[in-house]
Amino acid sequence: MAASVQNLATSSLKLDGASAASLSFEAFDLPSGNQRVLGQPHPEGTVIPLALRPSSYGNKELDLDTVVDTIKSLQANDGILTKKLAVHGTLLFRGLPIHNAHDFSKFAHAFGYQPHEIIGIVVDRPLLAPNVAPANEAPKEVLIYNHNESPQVPHAPEYIFFYSHKAPEIGGETPISSSLELFHRAKEEIPDFISELSAKGVLSKVTYRVDKQYEGGSTLKQAFGKNIEDGDDEATRRAKIEAQIARYGRGKHTTFEWVDESTLVLTHRLPAIRTQPDTHLPTLFTGLAAYWKNVQVNQDATGLARKKAVEQLYGDGTTIPVKYLEALAKITDEIRVLHKWQRGDVLVYDNIIAQHGRQPWGGEQSSRVVLASLFDGHKVPGAYSSDDWAQVVQAIDG
């Protein structure tokens, strides 16, 4: 059950920009279904998301340049916003003059993070502005349950920005939950599963095809073919794709197989338990609950028949019992909130410790437009185990 946030004295969380003193951000409360007090191991009284809005700017109309300068100032002041993210997991910015993809891009880049390159992308994300693309183009009936971004591949972003360009009247909320709290609850309630996950990791098999496999999905060229040129023969195309795979830098823990001329299957042994930089707290970085929940909810939805036979595997290839996936989903249901979008809202996630998703919505497909921008942080998550496969690495340039 969502806890009240009325006793948190949020007015004390005002953030003032050193070089833009006329603009400040103040925290404010959201409805209980949209915000809750986090459980252990978070500090007592910590809410998710931390909701911020501009509180003062004299009698002037707020402009984007001032917002950007203030964000840069806050980040230059010992990374204030990055530290807030590391505590709360998710920040909401509301009431800012962000009206399109280019405005959103400027705002997101002001945080000073390095744009993330998705190697092996599985969804189609056409570029709309610098480092900005649609969040997900799957049909509106499809549930996308809580998950960390890119849990099925070795190279994941540390920060995710979402901007609501158009909000539906019914549904379409973005879930928010803590991966730190998920781990803490799972260790208490299903300790055998956490022990197995720690010792074995997970095995991720991802299939890529020349043509997209489903509506909103990517093609093989979108996933690994950025250096392919018209006129390349088959051997050259394959070599260029394999060179991109090698950028993962994981040696024997990432393997691939060409099934035929149009199909490539990658197998990754990955750590589903990682640790938060600086605090070293364990976080459940995964999509395991999502894979199970999506099948249950979406089996009759358009384009999701492909997920009917999903089987989740430990890193040694043995099957993860369904009872553990059900338990993860049950815990997630209890600790998550659903963000009800207003046009212009921006959600910022620390992807290491917070999970997101997407609820179905009513109306037209075009009734909900959410854009995304992904970034790498200054530190990658730490390892929960000393085994080679459990180490988290940043992909090499290429």
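Me: Which residues of helix H5 (residues 191-200) are buried?

Reply: The model is predicted, and in it local features need pLDDT of at least 70, side-chain atom pairs count only at pLDDT 80 or more, and totals for chains, interfaces and linings use all residues. Residues are numbered from 1 along each chain as its sequence is written, and side-chain values use heavy atoms, with hydrogens and water left out. Helices (H or I, at least four residues) and strands (E, at least two) are DSSP runs, numbered from the N terminus. If buried means under 20% relative accessible area, exposed over 50% and partly exposed in between (1.4 Å probe, protein chains only), then the buried residues of H5 are Phe193, Ile194, Leu197 and Lys200.

Me: Within what arc do the buried residues of H5 fall, seen down its axis?

Reply: An α-helix has 3.6 residues a turn, so residues three or four places apart point the same way. The arc is taken from the directions that lead from the helix axis to the C-beta atoms. The buried residues of H5 line one face of the helix, because they fall within an arc of 150°.

Me: How many salt bridges does the count come to?

Reply: A salt bridge is a side-chain nitrogen of Lys or Arg within 4 Å of a carboxyl oxygen of Asp or Glu. By this rule, the number of salt bridges is 19.

Me: How many residues apart in sequence are the parts that Arg247 and Glu117 tie together?

Reply: Arg247 forms a salt bridge with Glu117, and their closest N and O atoms are 2.8 Å apart. Arg247 lies in the loop between helix H7 (234-246) and strand E13 (254-260), while Glu117 lies in the loop between strand E7 (114-115) and strand E8 (133-134), so the parts that they tie together are apart in sequence by 130 residues.

Me: Which helix holds Arg185, the partner of Glu334?

Reply: Glu334 and Arg185 form a salt bridge in which the closest N and O atoms are 2.4 Å apart. The pair ties together parts that are 149 residues apart in sequence, because Glu334 lies in helix H9 (residues 322-335) and Arg185 in helix H4.

Me: Which residues of H7 are buried?

Reply: H7 has 13 residues and reaches 18 Å from its first C-alpha to its last, and the expected span, 1.5 Å times one less than the number of residues, is close to this at 18 Å. On the other side of H7, Ala235 and Ala246 are exposed. The buried residues of H7 are Ile241, Gln244 and Ile245.

Me: What arc holds the buried residues of H7, seen down its axis?

Reply: What covers these residues, with contact meaning heavy atoms within 4.5 Å, includes helix H6 (220-224), E13 and strand E14 (263-270). The buried residues of H7 line one face of the helix, because they fall within an arc of 105°.
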